[in-house]
Amino acid sequence: MDEVDFIIGQWNKVRPDLNVGPMEPIGRILRLGILLRAEMEKTWKEHALNLASFDVLATLLRSGKAEGLSPGELLELTMVTSGTMTNRIDQLVKRELVERVQNPDDKRGFLVRLTQEGFSLINAAVTDHVATQHRLMDGLSLKQQSDLNDLLKALSSFVISDGASTNGPG
């Protein structure tokens with residue numbers, strides 16, 4: 001019996017008229033998300049990063065574009081507001097992990113690219129991040145991981161097509 005089972009039991013006692021079945025997987029997904037993120041934050045912290053800095057640096061690395069990305073491309077690939085992205089870029093420039101360079105295709109714009117220090121840091125951080133993710137999934141067989149992924153993808157697709165917000169609660 002876990003915390004979610006306990007909560008469901010309470011609801012079943014005080015509101016037996018409600019089918020609270022969906023609360024079980026949703027509660028577990030939400031609680032698990034908190035636990036997974038906390039573990040990944042430990043790894044990012046070992047590299048003096050947080051979710052925001054890791055997100056930008058990893059996006060630049062995985063893009064495969066050594067010349068960098070425009071702020072607009074970063075916005076599309078990270079799904080944050082422009083003000084948030086500007087702040088993230090500013091902080092990474094101060095740490096000399098990224099630099100702004102003139103965009104050769106748009107003389108009024110600029111690209112954000114990894115510095116050598118940023119490239120080295122994010123390569124090491126991604127390696128450790130993936131190792132953390134493997135450790136976190138080790139409790140499931142490869143078949144179970146695949147089945148879970150398929151189920152989560154199906155649920156995600158349904159929730160998005162149903163018009164639910166993907167921006168979180170509230």
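In this predicted model, a nonpolar patch lies on the surface, formed by Ile29, Leu140, Leu148, Leu152, Leu155, Phe158 and Val159. Together these residues have about 540 Å² of accessible area.

**Nonpolar patch**
- Helix α7 (residues 142–161) supplies the largest share of the patch, five residues.
- Leu148 sits in helix α7. Its relative accessibility is 33%, so Leu148 counts as partly exposed.

**Salt bridges**
- The count comes to 14 salt bridges.
- Glu99 and Arg113 pair through their side chains at 2.7 Å, N to O. This pair links distant parts of the chain: Glu99 is in strand β1 (residues 98–103) and Arg113 in strand β2 (residues 106–114), 14 residues apart.
- Glu99 is partly exposed at 30% relative accessible area, and Arg113 is partly exposed at 29%.
- Arg15 bridges to Asp17, with the closest N and O atoms 2.7 Å apart. Arg15 is partly exposed at 36% relative accessibility, whereas Asp17 is exposed at 57%.
- Arg108 bridges to Asp106, with the closest N and O atoms 3.8 Å apart. Arg108 is exposed at 81% relative accessibility; Asp106 is partly exposed at 30%.
- Shared partners join Asp2, Asp5, Glu24 and Arg28 into one salt-bridge network.

**Helix α1**
- Helix α1 (residues 3–14) has twelve residues and spans 17 Å from first C-alpha to last, close to the expected 16 Å.
- At its start, a side-chain oxygen of Asp2 comes within 3.1 Å of the backbone nitrogen of Val4.

**Annotated domain**
- The unreviewed UniProt entry annotates residues 22–157 as "domain: HTH marR-type".
- Over residues 22–157 the chain is 71% helix and 11% strand. The end C-alpha atoms are 17 Å apart.

Key:
Residues numbered from 1 in each chain as written. Predicted model: local features only at pLDDT ≥ 70, side-chain atom pairs only at ≥ 80, totals over all residues. Heavy atoms only, no water. Helix = DSSP H or I, 4+ residues; strand = E, 2+ residues; numbered from the N terminus. Expected span 1.5 Å × (residues − 1). Polar contact = N/O pair within 3.5 Å; in protein donor to acceptor, adjacent residues only side chain to side chain. UniProt positions renumbered as here; feature names shortened; annotations may be inferred. Patch = residues over 30% accessible without salt bridge, like charges linked within 9 Å, V, L, I, M, F, W, Y side chains within 5 Å. Areas by Shrake-Rupley, 256 points an atom, 1.4 Å probe, with all protein chains shown as cover. Salt bridge = Lys/Arg side-chain N within 4 Å of Asp/Glu carboxyl O. Buried < 20%, exposed > 50% of the residue type's maximum accessible area, 1.4 Å probe, protein only.
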